[in-house]
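Biologist: I have a protein model open and would like to learn how to read it. Could you take me through it step by step?

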Amino acid sequence: MNLNDKISSLKGVGPKKAEIFAQNNIRTLEDLLYMFPRKYEDRRNTTRIKDIQSGKDYLISGKILSRRYKASPYKKNSPLSLLVGDETGTVEVVFFNGRYIANLFNINGEYTFYGRVTENFDRFQMIHPEFFRAGDPNDIRGIIPVYPVMKGISQNEIRKLQIQLKPLYEQLEEWLPDELVKSNRLASPAYAIENIHFPKEGRQMKEAKFRLVFDELFTLESGLCYMKNDSRKDSGGIAIDTSAADEFINSLPFRLTSEQMKVWKEIEKDLSSDKVMNRLIQGDVGSGKTVIAQLCMFLCARSGYQSVIMAPTELLAKQHLASFREAFRILNINVELLCSSMKTREKTDVLNRLKSGEIDILVGTHAVIQPDVIFNNLGMVITDEQHRFGVNQRSILSQKGKNPNVMVMTATPIPRTLAVILYGDLDISQIREMPAGRKPVKTIVANGDNRNRVYDFVKQQLSRGKQAYIVAPLIEESDRIDAKSAEELYKELTDKLKGHNVALLHGALGQSEKDKIMDDFVKGNIHAIVSTVVIEVGINVPNATVMVIENSERFGLAQMHQLRGRVGRGGDQSYCFLICHNESKIAMERNEIMASTTDGFVIAEEDLKLRGPGEIFGTRQHGLPEMHISDLIRHGDVLEKAKNIAKELIDRDPNLSAPELAELKQRIKKMFGENIKIEL
């Protein structure tokens, strides 16, 4: 038995179960070994039956006092009911399909059961508990691991498979340097794996978990430090002459905020050096990130270099094109667009002029990272709405030039502690102030009872020539989910907002159709858009003053904040209505936070408290590797320690070339996958 053996080599894992494991990214014995319990059940001590309560899990022992089972040839499932008693009381144990286990229970036999207690007609019940008979080797007592749920594979089956893996423990060799292991008092890998799966006491489980959490966070931070160092190890970065900055700043029809100036000074220092700039600019929608990007691109052009900005949608790219051409109108800067919908002749013309150096600034979508896009002298790459792109796409864009400066912009505020981890290969700047004259969006919480008043207000705003967004959580009606659908709302509002042009927008539409609707909305031909969250990352429509979020209980804080950012972009007062149809505790907490602040960074912190990083980054967007055992918040102290050690290590050995670090390189490669280029 070896770590790299296929999961199907285990007894009890046939093709069907192997496929279920594969769907959960478990293909080898090593993968299964590193599938950690999500929690533990303490089944070491039995509870007297008189002390049990409804709604809790218990381990109880007792005799079978009565047994009721009536098999029927006409019924597939016949329930088995057992009355179990100890010296303090009785409880009913029920198995709805008793056919296969009825003969396992004998009157007056001693058994132990573990399961959840419920109450039915004043009688306590246990439904489908785990059980064993006194003296049975399959004892269910102890500290029992509970693994992630996999449909088609029971917890008991996973535990039995983990028992089969015990001989592999001796193959787990120490891979960290001795000094690091001793100074941090780390358990050995074999001890950690054995006691994460089969701890005999709480202390052993904690020692095991500390080692495995450290391993994971140390690998994460080493990879991020390696990427950060790798992006800068070539001193041949492009230095940009920033002396013309005032020429651009003075050409603006407004003054930069103090926060924008602070961020500019951080960028100016980067650009003036011969090291490659790698900087993340974080700021709420409307905080003025784009003008900072324009300033940098202007200076690149003045220094004889080209620059490129990649946006996630054609609509956003076209909006950037219009705003850039306006900003550079009197400064003699040539700006062009590249996106997949362009005709071949148009594309060829842009590509030829880009290659010859005639184009100073290229604005585009993913089309800009295609192999046929060749720059003459690329000095800067910018990605907008970075949460829509992975690390790898950013890397491909950077490779279009020789060590160009890199700027990454995101309107998704992230607590700084997480941003350092999430974008560990970047320096971080934050714009936390909105430009003067921007009125904060008024946020009003409503419910089903005053919903009609909300739409009366929407109609008033439309009658004044303003525009509105109405967002639903679903495209179509669902029997399983009690929530408004976009289609249902569209039908309702076409009637309610009669006299105004209402359009329906959702992700199932083709890109050209979506672009056409949004383009008509920008031009004012459409007065209200009923949409799903496809408008979360949208475009600038200063005339839109109302955002209505139906079933706000179905949206996270960060998502609602992004949606709210679609309005309040002009000089008029704007409004966001949160219509809550299910006033649960967490829904009301979210609504109260939204109503109390428009600061995206405050909202991000609150979102983190309510949901934790697992849910926020659970989809592996942002390019952040998936964590199997670590919690970036709860294990913050271990993270800090791992980060410091990783930084020292990379400073000492930037290429991780020491023989004792070979396993660390393998682990980094496995964790980051295609998002990292590391020589093994």
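Modeller: Here is a walk through confidence, overall build, a pocket, salt bridges and a few loop residues.

Biologist: Let's begin with confidence. What is the mean pLDDT of the chain?

Modeller: This is a predicted model, and pLDDT is the predictor's confidence in each residue, from 0 to 100. Here the chain has a mean pLDDT of 86, with 90% of its residues at 70 or more. Do look separately at residues 613–623, where pLDDT stays under 50. For that stretch the model has 26 contacts beyond four places in sequence.

Biologist: Good to know. How many helices and strands does the chain have?

Modeller: You will find 22 helices and 21 strands. Of the 680 residues in the chain, 52% are buried. Contacts tell you about the fold as well: among those with a separation of 6 or more, 72% are between residues 24 or more positions apart.

Biologist: Now pockets, please. Which residues lie nearest the centre of the second largest pocket?

Modeller: Phe-254, Thr-290, Val-291, Ser-323 and Asn-540 lie nearest its centre, out of a lining of 36 residues. Two elements, α9 (289–302) and α10 (314–327), each give two or more residues to that lining. Helix α10 gives the most, with 7 residues. The volume of this pocket is about 1000 Å³.

Biologist: And what is the lining of the second largest pocket by class?

Modeller: The lining has 14 nonpolar, 13 polar and 9 charged residues.

Biologist: Next, salt bridges. How many does the model have?

Modeller: A salt bridge here is a side-chain nitrogen of Lys or Arg within 4 Å of a carboxyl oxygen of Asp or Glu. By this rule the count is 36. Take Glu-589 and Lys-585, whose closest N and O atoms are 2.9 Å apart. Both residues sit in helix α18 (residues 585–596), 4 residues apart, about one turn of the helix.

Biologist: Could you show me another pair?

Modeller: Gladly. Arg-48 forms a salt bridge with Asp-51, and their closest N and O atoms are 3.1 Å apart. Arg-48 is partly exposed because its relative accessibility is 42%, and Asp-51 is partly exposed at 34%. There is also a bridge between Glu-201 and Arg-203, with the closest N and O atoms 3.5 Å apart. Glu-201 has a relative accessible area of 34%, so this residue is partly exposed. Arg-203, at 47%, counts as partly exposed.

Biologist: Which residues are linked in a network of salt bridges?

Modeller: Arg-325, Glu-336, Asp-349, Arg-353 and Glu-358 are linked in one. Let's look at Arg-353, which lies in helix α11 (residues 344–356). Arg-353 counts as buried because its relative accessibility is 15%. Leaving out residues up to four places away in sequence, Arg-353 touches Asn-334, Glu-336, Glu-358 and Ile-359.

Biologist: On to backbone angles. What should I know about phi before I look?

Modeller: Most residues other than glycine have a negative phi. Asn-551 is not a glycine, yet has a positive phi of about 50 degrees. Asn-551 lies in the loop between β20 (544–550) and α17 (557–564). With a relative accessible area of 2%, Asn-551 is buried.

Biologist: What about Leu-656, and where is this residue found?

Modeller: Leu-656 is in the loop between α21 (636–652) and α22 (662–672). Leu-656 has a positive phi of about 50 degrees although it is not a glycine. Leu-656 counts as buried because its relative accessibility is 1%.

Definitions and conventions:
Residues numbered from 1 in each chain as written. Predicted model: local features only at pLDDT ≥ 70, side-chain atom pairs only at ≥ 80, totals over all residues. Heavy atoms only, no water. Contact = heavy atoms within 4.5 Å. Buried < 20%, exposed > 50% of the residue type's maximum accessible area, 1.4 Å probe, protein only. 1 Å grid on protein atoms, 1.4 Å probe; cavity = no way out; pocket = protein on both sides within 12 Å on 5 of 7 lines; lining within 4 Å. Points joined across faces, edges and corners; volume = space filled by probe spheres on them. Nonpolar A, V, L, I, M, F, W, Y, C, P; charged D, E, K, R; others polar.
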